[in-house]
Amino acid sequence: MATTIKQVFVPDIGKFKDVEIIEVLVKAGDTVQAGDALITLETDKATMDVPAPFSGVVKELKIKAGDKVSEGALILTLECGDMSPLLSGADTLSPSQRADQSSSQSTNVPPLSKNVAQPPLKSADMSAHSIIKAHASPSIRRFARELGADLALIKGSGVKNRITKDDVQSFVKEQLSQPRGAAGGGLQVAEMPVVDFAQFGAIETKPLSRIRKLSGAYLHRNWVTIPHVTQHDEADITGMEAFRKQLNEEYARQGIRITPLAFLLKAVVEALQQFPEFNASLDASRENLVLKKYFHIGVAVDAPDGLVVPVLRDVNQKGLIQLAKELAEISARAREKRISAAEMQGGCFTISSLGGIGGTAFTPIVNAPEVAILGVSRASMKPVWKGGKFEPRLMLPLSLSYDHRVIDGAAAVRFTTFLAQALSDVRRLAL
Ligand code: CAO
């Protein structure tokens, strides 16, 4: 078969210039298929792979990791047989034509400016979050995804601790070599039966929304990989409710509505300040706890296409009125599907309030990589034994689920006790 030598250039990478090559994914002698990633570039905003414009064997690399390149820079030469290019209309160059090679040949490679690291969805976020933190190129992320490997668990041996293909392969090998089954700790479940429901009556099939599919996968992962415990408690919010009503009367003319959630946000931040291990995440090695000095709180919103969790920033620096305004604004936008991915990132702790709807208690699922989540159910009047007699008090049910790898039961009940006290004495919160 006749072969030709083709040069491969850095394609159109948008406005970026002098972009660092952080990884060279091939070496001389490697056979590549059209579309395989050759090198990974990293700007301060994104990483992007440069794919092979055609199939062939890598002849000679013209760059190395750490080099800075712009559009038109020569990456490598490929020895090609009679193979199809990635895009139609690709020129082939014979060795004699090589001297005349101009950067225009790089038009065979599609522009890359869209190949940007995907922003994670907060509602389910651990994987996306950890992937970005994990510093891996898009091709490695794709490779890990195909093998079902969680990048957050893999140690990178490449430049700047980047995860390489070898790292992913070694991780998968190690996982596969671990004992499975009842004694080995592998999760083994019976297969879900496939049932033809139509045999029992009329049915209608409705596709799940994108949000529900995404969050479903993450919720499932969090549920089976995090040892959950839920601590239930009650807060006496009789005084808080009186204060809330008074504030609502005062602010009604300004169109501001203060719900119990604004108070909960303040109380949760106080509790996080008191118990820093609740404002933390396990790092990728699972050997260290990363303690956060900021207080961004996610709020679960029941949106038409499924649960979304926008994040309120720096809650410790905001007052009740400001929080009430932000809550109203962000939950309205969440319901109108106008929340950006960035607004769902960076949360430290999540509140899931079903109190406006009802319920007495529930078990929220920890929103990893966070380590705890507070579920709130509907407040109700209860007889509480006080000073030798029963008094009617408005009691708010709290359900704190936590990651038992990080938080002990005693710490959890201290947290909810503190929270209940803070809510029963809102003068402290207003300070
Ligand atoms: N007990 C009693 N009443 C409560 C309450 C509680 N715990 N929480 C809220 N209420 C009241 C509010 O005060 C409001 O009444 P008023 O207008 O008379 O004051 C009413 O219930 C409705 O509140 P709301 O739901 O509009 O506002 P919110 O600030 O409490 O909640 C939001 C906002 C966005 C969190 C909520 O609307 C929502 O979507 N909740 C669902 C979250 C969810 O789906 N979680 C499940 C996750 S796990 O699958």
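Ala, Val, Leu, Ile, Met, Phe, Trp, Tyr, Cys and Pro count as nonpolar, Asp, Glu, Lys and Arg as charged, and the others, Gly among them, as polar. This is a predicted model, in which local features need pLDDT of at least 70 and side-chain atom pairs pLDDT 80 or more, while totals for chains, interfaces and linings use all residues. Residues are numbered from 1 along each chain as its sequence is written, and side-chain values use heavy atoms, without hydrogens and water.

Q: How is the lining of the second largest pocket divided by class?
A: The lining has 26 nonpolar, 15 polar and seven charged residues.

Q: What makes helix 6 oblique to helix 8?
A: Helix 6 (residues 260-274) packs on helix 8 (residues 409-424) at about 135 degrees, with the axes 9 Å apart. Angles under 35 degrees are roughly parallel, over 145 roughly antiparallel, 65 to 115 roughly perpendicular, and the rest oblique. The pair therefore falls in the oblique class. Axes are lines fitted to C-alpha atoms, for helices over the stretch in contact, and angles run from 0 to 180 degrees between N-to-C directions. Helices are DSSP runs (H or I, at least four residues), and strands are E runs of at least two, numbered from the N terminus.

Q: What makes Arg-286 stand out in phi?
A: Arg-286 has a positive phi of about 65 degrees although it is not a glycine. Most residues other than glycine have a negative phi. Arg-286 is in the loop between strand 10 (280-282) and strand 11 (289-291).
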